[in-house]
Amino acid sequence: MRLRVLLEPRYGATYQQILAMARAAEEAGFDAFFRSDHYLGIDVRDASYAPTDSWTTLAGLAVQTQRIRIGTLVTASTFRHPGPLAVAVATVQAMSGGRTELGIGAAWYEREHECFGIPFPPIGERFDRLEEQLAILTGLWDTPPGKSFSFHGKHYQIENCVNFPALEPGGGDPGRGRPRLIIGGAGPRRSPGLAARFADEYNCGLPDGAAGRLANFRRICAESGRDPAAVRLSTALPVCCGPTTGEARRRAAALGEAGARLLSMGVIGTPAEVVARAEELARAGADTLYFHIYDGADTDHIRLLGAEVLPRVT
């Protein structure tokens, strides 16, 4: 099982804090460091939350880390038009030497859109737009040099694009170098259906019910003719770990009520307890696990997980 770090800081995090966490994850031996793509925190009443832009910070990480893979889990498809997003992600891919992954989903956080003036269509339209975006992203990344790409959808149109972003070798597909594509969503139909068509990885969300959602995805793959073995299967596990149960609980208490709500779906405990939960999710069918972390300044937490959990799971 691949173990990765997913940072969703409770109070927001500066770029320097994000960089410190990414470097700690890299030094600890984790496969990847991901960040959420949100402009509000897990508590909508928290006026102190300071947002940072995901793809701006990932561009910085691309040149200030060496080995670790980087990406979003997940970018809201409502935030950016697909053409500029394809260029932005491909730029980070080139800057990182081929270590970039785009996680994308249909978006869910309505208050966030209201706060920042981002349109928030009904759920059906959001998925329709996501489907068109995925076709455009892969089309712009995969069209060979010398060819043009056009797309005529209900929501997006591209006419004879011949200016494609340069892609660094070593990305999602051997020889093509495009970023790996992750589609995330816990619904039973549209997210797994789009993942079966487009994704290198399907992320089924938080761990409760993960076994059923992953089995459903494998069924959809089989029905659509996609080999399920060709797609990585992942879930995110909220984690607050300590060398003792008391230390883990003190770490969790610092996250407040909103953090406790999310951690109720994960694990607060010792390294042995985190290992046991990871093994349970592996038996449920996940081959990739994101440790969902909420304290953006606690690099010691990352080091503990790397030293005491990582060697016992991988």
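The model is a predicted one, with a mean pLDDT of 94 for the protein, and 97% of its residues reach 70 or more. Over residues 171–175, however, the pLDDT is below 50, although this stretch has eleven contacts in the model beyond near neighbours in sequence. Where pLDDT is low, the predicted coordinates should not be read in detail.

Strand E7 covers residues 180–184, and because five of its five residues are buried, E7 is largely enclosed by the rest of the structure. Both of its faces are covered, with Arg 180, Ile 182 and Gly 184 buried on one side and Leu 181 and Ile 183 buried on the other. In a regular strand the side chains alternate between the two faces of the sheet. E7 pairs with strand E4 (residues 100–105) in the parallel sense, and within that pairing Glu 101 has Arg 180 as its bridge partner. E7 also runs parallel to strand E8 (residues 201–203), where Tyr 202 stands opposite Ile 183. Together with helix H6 (residues 190–198), the strands E7 and E8 make a right-handed β-α-β unit. The buried residues of H6 are Ser 191, Pro 192, Leu 194, Ala 195, Ala 196 and Phe 198, and what covers them includes helix H5 (123–142), E7, E8 and helix H7.

A further pairing is found between strand E5 (residues 149–152) and strand E6 (residues 157–161), which run antiparallel. A hairpin joins E5 to E6 through four residues, and His 152 has Gln 157 in E6 as its bridge partner. The table sets out the strand pairings described here.

| Strands | Sense | Bridges |
|---|---|---|
| E4 and E7 | parallel | four bridges |
| E7 and E8 | parallel | three bridges |
| E5 and E6 | antiparallel | three bridges |

**Val 74 in strand E3**

Val 74 is found in strand E3 (residues 69–76), and because its relative accessibility is 23%, Val 74 counts as partly exposed. Not counting residues up to four places away in sequence, Val 74 touches Asp 37, Gly 103, Ile 104, Gly 105 and Gly 184. Arg 35 and Val 74 are 39 residues apart in sequence, yet their C-alpha atoms are 8.0 Å apart in space.

Helix H10 (residues 271–283) has 13 residues and reaches 18 Å from its first C-alpha to its last, which is close to the 18 Å expected at 1.5 Å a residue. Its buried residues are Pro 271, Val 274, Val 275, Arg 277, Ala 278 and Leu 281. Seen down the axis of H10, these buried residues fall within an arc of 165°, so they line one face of the helix. An α-helix has 3.6 residues a turn, so residues three or four places apart point the same way. The covering of this face includes helices H7 (210–224), H11 (299–308) and H12 (310–313), together with strands E9 (232–241), E10 (267–269) and E11 (288–293). Just after H10, Gly 285 takes a positive phi of about 115°.

Helix H11, one of the elements covering H10, contains His 301. Because its relative accessibility is 2%, His 301 counts as buried. Leaving aside residues up to four places away in sequence, His 301 touches Val 239, Cys 240, Cys 241, Arg 251 and Ile 293.

Methods
Residues numbered from 1 in each chain as written. Predicted model: local features only at pLDDT ≥ 70, side-chain atom pairs only at ≥ 80, totals over all residues. Heavy atoms only, no water. Helix = DSSP H or I, 4+ residues; strand = E, 2+ residues; numbered from the N terminus. Expected span 1.5 Å × (residues − 1). Buried < 20%, exposed > 50% of the residue type's maximum accessible area, 1.4 Å probe, protein only. Arc of directions from axis to C-beta. Contact = heavy atoms within 4.5 Å. Pairing = 2+ DSSP bridges. Right-handed = clockwise from strand over helix to strand, strands pointing away. pLDDT = per-residue confidence, 0-100.
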